[in-house]
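Hi everyone, thanks for making the time.

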Amino acid sequence: MAGKAVEKRPEVDPRDEPSAAWGWHGSFPKATRIAGWVSAIILLVMIKGNHENNTENVWLVGLSLFLILLLVLDIRKQRTAWRK
């Protein structure tokens, strides 16, 4: 049975990832999630407008629901990431 020690990730080789050489390597997960939620809300707010028919509303709601689905899947992935 393996020990309960947490595995350390290998260091990033600057030859593989040039950005690691100057001290930054990664992404902005928190800012990306915030931007996703803000975008979904803005899409829903845009329903109130001068639309001639509901085609625009269907697209706005559909894209907003797609963004929300992706964000919920990301939250679920984040919660279960420690199990892998």
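**How the helices meet**

Let me begin with helix α2: what covers its buried residues includes helix α1. Please keep in mind throughout that this is a predicted model.

Now a step back to the chain. Its secondary structure comes to 2 helices and 0 strands. Of the 84 residues in the chain, 10% are buried. The chain exposes about 7,900 Å², and carbon and sulfur atoms supply 63% of that area.

In the model, residues 57–75 are 100% helix and 0% strand, and the end C-alpha atoms of the span lie 27 Å apart.

Which residues of α2 are buried? They are N57, L60, S64 and L71. Let's pick out S64, which sits in helix α2. Its relative accessible area is 1%, and the cut-off for buried is under 20%, so S64 counts as buried. Leaving aside residues up to four places away in sequence, S64 touches A40, L43 and L44.

Is S39 buried or partly exposed? S39 is partly exposed, with a relative accessible area of 32%.

Another pair is worth a glance. I42 and L60 are 18 residues apart in sequence, and from C-alpha to C-alpha the distance is 9.4 Å. L60 is one of the buried residues of α2. I42 has its place in helix α1, and at 45% relative accessibility I42 is partly exposed.

That brings me to the surface. I42 belongs to a nonpolar patch there, formed together with I34, V38 and M46. Together, these four residues have about 350 Å² of accessible area. I34 is also in helix α1, and its relative accessibility of 49% makes I34 partly exposed.

Finally, something charged. How many salt bridges are there? The count comes to 1 salt bridge. The side chains that meet in it are those of R33 and D74, at 2.5 Å from N to O. R33 lies in helix α1, residues 29–45, and D74 lies in helix α2, residues 55–79, so the pair ties together parts that are 41 residues apart in sequence. As for R33, its relative accessible area is 22%, which makes R33 partly exposed.

Find S64 with its contacts A40, L43 and L44, then the surface patch of I34, V38, I42 and M46, and then the salt bridge between R33 and D74.

Note on methods: Residues numbered from 1 in each chain as written. Predicted model: local features only at pLDDT ≥ 70, side-chain atom pairs only at ≥ 80, totals over all residues. Heavy atoms only, no water. Helix = DSSP H or I, 4+ residues; strand = E, 2+ residues; numbered from the N terminus. Buried < 20%, exposed > 50% of the residue type's maximum accessible area, 1.4 Å probe, protein only. Patch = residues over 30% accessible without salt bridge, like charges linked within 9 Å, V, L, I, M, F, W, Y side chains within 5 Å. Areas by Shrake-Rupley, 256 points an atom, 1.4 Å probe, with all protein chains shown as cover. Contact = heavy atoms within 4.5 Å.
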